[in-house]
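Q: Hi! Could you walk me through this structure, one piece at a time?
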Amino acid sequence: MKQDTICVQGGYSPKNGEPRQIPIIQSTTFKYDTGEAMGKLFDLEADGYFYSRLQNPTCDTVAKKIAELEGGTAAMLTSSGQAANFYAIFNICSCGDHVVAASTIYGGTFNLFAVTMKRMGIEFTFVDPRCSDEELNAAFRENTKAVFGETIANPALIVFDIERFANAAHAHGVPLIVDNTFATPINCRPFEWGADIVTHSTTKYMDGHASAIGGCIVDSGKFDWTKYPDKFPGLTTPDESYHGITYTERFGLGGAYITKATAQLMRDFGSVQSPQSAFLLNLGLESLHLRMKRHCENAKAVALYLKNHPKIAWVNFCELPDSPDYALAQKYLKDGSCGVVSFGVKGGREAAAEFMKNLKVASIVTHVADAKTCCLHPASTTHRQMNDEELLAAGVSADLIRLSVGIEDIDDILSDIEQSLAKLSV
Ligand SMILES: *Cc1c(COP(=O)(O)O)cnc(C)c1O
């Protein structure tokens, strides 16, 4: 089926007399006739539900739809995008391991990697996504276990050269993990370019209405863990906490990674998405294809408007022909990128604050990528834990305004920007 049909119908095909909309299975637990039957589930010998900290039917239905959208073999929902990225890495990394990551990633993910996961003994080397091949290769170490980047970086909006990083990762025998939050599988399917694992903050476009925090991890099933048993013993050697099953043997390449993440990480950390949130996420997914189209059209119109405005210092939008990422956008995002545009107002930090204060249609919120137009000043909010040097490496200048263009009427969005710029005394 085509993407638009999967958005509406994927993951769920009710049988005779069953509900047409996905049921919310609001139950922590599931009933069994015998202890033995349940015991088999605990040993991963049989398939089924027993406790919603591990798996829940509503969440699995929605995860299946996202797996279909990405073209993957298996997926799991998590409580947030943060949990998704943490699990995606921690599922294959332990204390003493190392990861190569793009320096321009989301501030929350940067902090997770550089501060919190470092405390767990996992080291990250951050590379400029536009670095030379020599620099990229030099970032790998003996103990490197993965490469990580964002299809479109939040908020730097730098386009990740997925194929190039996938080739580098594979040359070093490790998978490429791509956070595909901003592009969504409507605009880019990283597996088609060689990525092995995809993550999402479903909180953004997928939910699309600013209603539920959530995350997702999807496996392409393509990375052959068994080729590098010394690097990924967690997948290729017996798990003593499950009576010695070996994930790659029992679940194959298509199922090993997600089953391990569910059986170990969900069991022990419990960052589950609630069935109610998964239901809301599914409502969002049903119109994702329509909304993305409108977000992209509106954002492009805004970018072109700002580009020609005398009070605007610079505009960053990868679909503008003079963007340094134009060629990459043409390759990876030919149907559109996302609804987020970043720019600087002449007059720097203070002018940015003034401009944002006078907006009426666009509201100031710590959010992006939902139906309602909104804006944010990252240097004083999401990225405030970074020093100037780190800000620069993350592609965030002090004057950067991140405008998340919604799906309202473009005339109203543009006249809002116009009236606010008119009030600026630059
Ligand atoms: C928002 C975001 C996250 C974190 O997701 P939460 O759902 O807020 O935990 C991770 N990556 C990207 C690219 C994001 O935009």
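A: Happy to! One term before we start: contact means heavy atoms within 4.5 Å. Helices (H or I, at least four residues) and strands (E, at least two) are DSSP runs, numbered from the N terminus. This is a predicted model, where local features need pLDDT of at least 70, side-chain atom pairs count only at pLDDT 80 or more, and totals for chains, interfaces and linings use all residues. Residues are numbered from 1 along each chain as its sequence is written, and side-chain values use heavy atoms, with hydrogens and water left out.

Q: Great. Which residues of H4 meet H10?
A: In H4 they are Phe86, Tyr87, Ala88, Ile89 and Phe90, and they meet Tyr257, Leu265, Met266 and Phe269 in H10. By class, that contact has nine nonpolar residues, no polar ones and no charged ones. Here Ala, Val, Leu, Ile, Met, Phe, Trp, Tyr, Cys and Pro count as nonpolar, Asp, Glu, Lys and Arg as charged, and the others, Gly among them, as polar.

Q: And at what angle do H4 and H10 pack?
A: About 115°, with the axes of H4 (residues 81–90) and H10 (residues 247–269) 10 Å apart. Axes are lines fitted to C-alpha atoms, for helices over the stretch in contact, and angles run from 0 to 180 degrees between N-to-C directions.

Q: What about H3 and H11, how do their axes cross?
A: The axes of H3 (residues 57–70) and H11 (residues 275–286) cross at roughly 30° and come within 8 Å. Residues meeting there include Val62 and Leu69 from H3, and Phe279 and Leu285 from H11. The classes in this contact are nine nonpolar, two polar and two charged residues.

Q: Switching topic: which polar atoms lie by the ligand's oxygen atoms?
A: A polar side-chain atom of Asn154 lies 2.8 Å from a ligand oxygen atom. Polar backbone atoms take part too: one of Gly81 at 2.9 Å from a ligand oxygen, and one of Gln82 at 3.0 Å. A polar contact is a pair of N or O atoms within 3.5 Å.

Q: Last one: where is Ala210?
A: Ala210 lies in the loop between strands E6 (197–201) and E7 (215–219). Although Ala210 is not a glycine, it has a positive phi of about 55°.

Conventions. Polar contact = N/O pair within 3.5 Å; in protein donor to acceptor, adjacent residues only side chain to side chain.
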